[in-house]
Amino acid sequence: MPQQLESFAMVLERPGEFVSRKFRVPDVGSDDFVLRVEMVTICGGDLIEYRGANRKARYPLLMGHELVGVVADIGDRAAQVHGVTSGDRIMVEPYLRCGHCPPCVRGDYHFCVEGMTYGVTIPCTREPHLWGAYSQYMYGAPGSRVHRIDTGVPAEAAALTTVIGNGVRWVRTRAQLQVGEGVLVTGLGVQALSSIIVAKLSGASSIVVACRETDAARLELARDYGADVIYNSAELAENESLHKELVDRELDVAIECTGAQVMYDIAVDALRPRGRLVSVGTRGGQALPVDLDGIVFKELDILGGLGQAGDTELAARIVNSGEFAVEKMVSHVMPLRAADEAINLCLASRDDVIHVGLDPWSG
């Protein structure tokens, strides 16, 4: 690695304000690595950090944790631990492990007491600065987890490996979906679409979607991934017979991906008695009233869903298989220099904007 190599980056100096910067690409030690970022996608969490509503975020922040890249340099022990070498194409999980706190020992490293997450909790004032993928290069610290990505996988699909990992965690690990069970997925963003993919692979008897989106291409993508029935949430609210049709399905599992009051209520209504609701949508710290009577009278299990600790290995196999056109979730790709414009495109909530990728090397 040339000593004076610099990495162009877009830093969120404070909520709502990006600045362009250059950071020196660090030399690696025995236990770390440097990644040449190929693509990073804009997570819904990035939007919350942009607005300053994530209490875990630390500014100035180099965002970006949905990524794929090529190992530019790696230390000897890191190469042995990760089983990769310079030139290998990989994705990096967001969560860093200290390896010795009780959550890490249990395998729940997304709850590591040190709380280090790429692109979220580590300010770029901390050396070596490159703690996120809104940059041409990213630093890989000891405690990282990485997974190989085949060279033939489109960058848009590869960057979404952690998103597929979320679907694996929510559908399989948290809900423990059994073959033949019916699933409701609320929303139609990438987290919901990923949950549809995993539900399909897990043998769900029926996959039902409730969403507000009306974009034909997005709806068709959901069907391509395995959705059997799609209800519009506004129509469910206005049409009693349609609402009854959904309730009569007595679905076993609901994956609530939006954090919206109306979707949470739909999920509670749609579940059979003793069904399982995995709640994964966040609200930027705002409280959510719930139908407690509905939960109690049905004896529903309410489960939180966070990250993909231990679930990304399967996600990488799904992405590498090419069975699903995961890359179609990325509807727009923009230069990294246009990060502010790209974020605001996401915030506009247009149906035709499913997910946005940033290319650090274009423009």
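Which elements do the buried residues of α12 pack against? I looked this up in what is a predicted model. The buried residues of α12 pack against β5 (89-92), β7 (146-148), α4 (155-159), α5 (161-174) and α6 (190-201).

I then listed the residues concerned. In helix α12 (residues 312-321), T312, A315, A316, I318 and V319 are buried. They lie on the same side of α12, because the arc they cover around the axis is only 160°. Residues three or four places apart in an α-helix point the same way, since a turn takes 3.6 residues. I also checked what comes after the helix: G322 follows α12 and has a positive phi, near 70°.

Next I went through the salt bridges, and the count comes to 18. D311 pairs with R169, with 2.7 Å between the closest N and O atoms. This pair joins distant parts of the chain, 142 residues apart: D311 sits in the loop between β13 (301-304) and α12, R169 in helix α5. D311 counts as buried at 7% relative accessibility, and R169 is also buried, at 10%.

I compared D108 and R106, whose closest N and O atoms are 3.5 Å apart in a salt bridge. Here D108 is partly exposed, at 24% relative accessible area, and R106 is exposed, at 56%.

Last, I turned to the largest nonpolar core, which has 52 residues; F18, I42, V92, Y134 and L358 touch the most other members. A second, separate core has 49 residues, including V68, L188, I207 and L219. For L358, leaving aside neighbours within four places in sequence, I noted contacts that include M39, V40, I42, Y134 and M334.

Note on methods: Residues are numbered from 1 along each chain as its sequence is written. This is a predicted model: local features need pLDDT of at least 70, side-chain atom pairs count only at pLDDT 80 or more; totals for chains, interfaces and linings use all residues. Side-chain values use heavy atoms; hydrogens and water are left out. A nonpolar core is a set of buried Ala, Val, Leu, Ile, Met, Phe, Trp, Tyr and Cys residues joined through side-chain atoms within 4.5 Å. Buried means under 20% relative accessible area, exposed over 50%, partly exposed in between (1.4 Å probe, protein chains only). Contact means heavy atoms within 4.5 Å. Helices (H or I, at least four residues) and strands (E, at least two) are DSSP runs, numbered from the N terminus. The arc is that of the directions from the helix axis to the C-beta atoms. A salt bridge is a side-chain nitrogen of Lys or Arg within 4 Å of a carboxyl oxygen of Asp or Glu.
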